[in-house]
Amino acid sequence: MRLGIISDTHDQLERTQRAIAALLEAGATHFCHCGDFCCGEILELFSPHSTWYVYGNNDDYIIPRLMEISAEYPNLISLQWGGIFELAGKRIGVTHGHLLKEVKALLQAKPDFLLSGHSHIANRWEQDGVQRINPGAIFRAHPFTVAVLDLESGTTEQIVVGK
């Protein structure tokens, strides 16, 4: 099973559509958005897919809209500012990354993976025995990137999304 990971879309509708298409082409069957939607229409793009998501530091003013969209599509699951879900026998923590208290709490819970965005820099590293993954961003980044996590092998593939 492959999890498509995206973050920091910042209301870039067309680029987000291309990113979703690239993730599907890479075999993603489920999605995770690590925050900073900046408009509800971005979340709606994920409505055909099982998608977990968190709020980012630029989402305060659209949280009511995100909640409304989630109520309409039960496969869109809000973890609010951060949380853990299970998929393919793996525990996956998600937060945007700007709330250090949330990052610390999730690291203490020891998920298999902790996904976050915020920095707009793609990266993978180990912290306190937890595999951390930042898919990068499709706004204010060079290049624009997303990631696919193969939950069986634990490997990550970075995907460059064109302009």
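I take helices (H or I, at least four residues) and strands (E, at least two) as DSSP runs, numbered from the N terminus, and I call two strands paired if DSSP finds at least two bridges between them.

The model is predicted, so local features need pLDDT of at least 70 and side-chain atom pairs count only at pLDDT 80 or more, while totals for chains, interfaces and linings use all residues. Residues are numbered from 1 along each chain as its sequence is written, and side-chain values use heavy atoms, with hydrogens and water left out.

**Sheet.** I looked up the strand order and found an open sheet of six strands, β4-β3-β2-β1-β10-β11, with mixed pairing. The edges are β4 (76-78) and β11 (156-161); each has a single partner strand, so one side of each lacks a neighbour in the sheet.

I followed β10 (residues 144-150) into β11 and found antiparallel pairing over six bridges. L149 has T156 as its bridge partner, and A147 stands opposite Q158. Five residues lie between the two strands, and G154 takes a positive phi near 80°.

**Aromatics.** I found five aromatic pairs (ring centres of Phe, Tyr or the six-membered ring of Trp within 6.5 Å; planes under 30 degrees apart are stacked, over 60 edge-to-face, the rest tilted). F31 and F46 have ring centres 5.7 Å apart and planes at 65°, so I logged the pair as edge-to-face. F31 lies in strand β2 and F46 in the loop between α2 and β3, so the pair ties together parts 15 residues apart in sequence. F37 and Y53 are also edge-to-face, at 5.5 Å centre to centre and 90° between the planes. F37, Y53, Y55 and W81 form one aromatic cluster.
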